Amino acid sequence: MATRTWAPPGPYDLGRTLGVLARGPGDPAYRADADGAVWRASRTPDGPGTVRIAARDGRVGAEAWGPGGDWLLETLPALLGADDDPAAFVPRHRLLHEAHRRHPGLRLARTGLVLESLIPAVLEQKVTSDEAYRAWRLLLWRHGDPAPGPAGMPRMRVMPDARTWTLIPSWEWHRAGVDGKRSATIVRAARLASRVESLAATDASRAASRLCAVPGIGPWTAAETIQRSHGAADAVTVGDLHLPKTVGWALTGTRGVDDAGMLSLLAPYAGQRHRACRLILLMSGGQPRRGPRLSVNDIRPL
């Protein structure tokens, strides 16, 4: 076990900062203890690793295990948002002003791991969250590796390595409820794993552009990826079913706002548009629903 401590320069909210990395309440690679400590299992450039992170008395401490443990501790400050600058955000709407005031400890996490963020984003393409979370859970439990760590730690899994993703047979994808288009996109990305991971060292806009060059990956998936891998404060998720309506309702009380309308409303926050969306989602319940929820498209074999 190795350890490291980081002192945030101001208020800090560990749960809200890292919570976006969890893929549903049963994510095998992410756990939150009752005391607020967070466990993450990752496949790092050095191999599998597990880290437990806890905030106490104005400091954040971490313990790590496994071949990737040292890498996880080395990149800990970036993961916790040390490279993020919340002060760069200037609220221009009363809701955003109040959200910024209420959540001063929110920072944008940067994992530095592109494939780890890309694959679950692909699983979330055009399906319900519950479907995507179930697929991620099943694929990790069946094809991932046990997370390294001490006896008594939560049962967790490290996602499969790139080669394993390419070898998952078609019936296993179907068992997880993943259609051929999404599974083909994941396999394609896994075959380009070294080039995909190298994007962590490039700026966020270039990384998004390069990801979109991979067939099956569009602006929605690229934005969802670099928000986590790069901590990209300006990466707006366009093409989302709910986000434009939520932003429009929160900032104008108007129904039916589309992507173009959302981008227009977010224009005053250029450079910080993703942060603006995060704050809106923290404060706004969204517009009242008037239609049916997206139905589950179950392709699992009977």
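Helices (H or I, at least four residues) and strands (E, at least two) are DSSP runs, numbered from the N terminus. Contact means heavy atoms within 4.5 Å. This is a predicted model, where local features need pLDDT of at least 70, side-chain atom pairs count only at pLDDT 80 or more, and totals for chains, interfaces and linings use all residues. Residues are numbered from 1 along each chain as its sequence is written, and side-chain values use heavy atoms, with hydrogens and water left out.

Now select H6 itself, residues 129-143. Buried here (under 20% relative accessible area, 1.4 Å probe, protein chains only) are Glu131, Ala132, Ala135, Trp136, Leu138, Leu139, Leu140 and His143.

Next, pick Asp84. It sits in the loop between helix H3 (76-79) and helix H4 (94-102). Asp84 is buried, at a relative accessible area of 10%. Leaving out residues up to four places away in sequence, Asp84 touches Arg107, Leu108 and Arg275.

Last stop: select H13 (residues 243-252) and H14 (residues 259-266). Their axes come within 9 Å and cross at roughly 45°. Axes are lines fitted to C-alpha atoms, for helices over the stretch in contact, and angles run from 0 to 180 degrees between N-to-C directions. Show the contact residues: Leu243, Pro244, Val247, Gly248, Leu251 and Thr252 on H13, with Asp259, Met262, Leu265 and Leu266 on H14.

How values were computed:
Buried < 20%, exposed > 50% of the residue type's maximum accessible area, 1.4 Å probe, protein only. Expected span 1.5 Å × (residues − 1).
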